[in-house]
Amino acid sequence: MDQPDRTIARILKVNHAGEYGAIRIYRAQLLMARRLYPDIVDFLETTLEHEIHHCSAFRQAMPQWSARPCRIMALWGNGGWVLGFVTALIGRNSIWICTAAVEATVHRHLEDQLGFLHDRAPGLHQLITGIQIEEREHLRYAQQQIARHGVWEELLTWTISLSTEIAIWLSTWGESTRMAKILKRQGTGPTQPTVVK
């Protein structure tokens, strides 16, 4: 497998793992929200449905590129569930911060992936573009719901973003960093942290 194909396989691998982690986050948050924050259950259920669909779409695309599920799926799954449960336990605002932090990190990586895939894998580029539309809506809605932006909220955002970055890096064996450097040299990335208005 040549280097571009290996990178594409790793893109699929990490995207599939990330969607699985997101499924676990939202399932844990729903467990708590049904008891404590019934007003946000509809958003969490809808978002969970999106993530299940995204995860399935990436899994179906994997054989074409000889990609296999990530070796650290347990980290994504267990880490996602703990993150979802803890943020829901802290409070409603922490749920929104969690969604915004994860989605902003993911959005930046999707932008890098789209830059890399544009001429190399048009079908996968189209798939990710469609998924990104829903992910951007999750991000926008969560950012609009965040009620406080103090030191604690900034620390929580930083912690969740860093944890997501580490999981992505581990899942791609550093390929995400190399890909971002290639795009930067080409003048097409990486993008800055996302704030959607």
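**Exercise 1. Place Gln132 in the fold and list what Gln132 touches.**

*Solution.* Start with the element: Gln132 sits in helix H5, residues 122-145 (helices are DSSP runs of H or I, at least four residues, numbered from the N terminus). A quick word on the model: it's predicted, so local features need pLDDT of at least 70 and side-chain atom pairs count only at pLDDT 80 or more, while totals for chains, interfaces and linings use all residues. Residues are numbered from 1 along each chain as its sequence is written, and side-chain values use heavy atoms, with hydrogens and water left out.

Next, burial: Gln132 has a relative accessible area of 5%, so it is buried (buried is under 20%, exposed over 50%, partly exposed in between, with a 1.4 Å probe and protein chains only). Last, the partners: skipping residues up to four places away in sequence, Gln132 touches His107, Leu110, Glu111 and Leu114 (contact means heavy atoms within 4.5 Å).

**Exercise 2. Work out which residues of H3 are buried and how they are arranged.**

*Solution.* First, the span: H3 (residues 73-90) has 18 residues and reaches 25 Å from first C-alpha to last, close to the expected 26 Å (the expected span is 1.5 Å times one less than the number of residues). Second, the buried set is Met73, Trp76, Gly77, Gly80, Gly84, Thr87 and Ala88. Looking down the axis of H3, these buried residues fall within an arc of 120°, so they line one face of the helix (the arc is that of the directions from the helix axis to the C-beta atoms). Finally, the cover over the buried residues of H3 includes helix H1 (3-36), helix H4 (92-117) and helix H6 (151-172). Just past the end of H3, Gly91 takes a positive phi of about 155°.

Conventions. Helix = DSSP H or I, 4+ residues; strand = E, 2+ residues; numbered from the N terminus.
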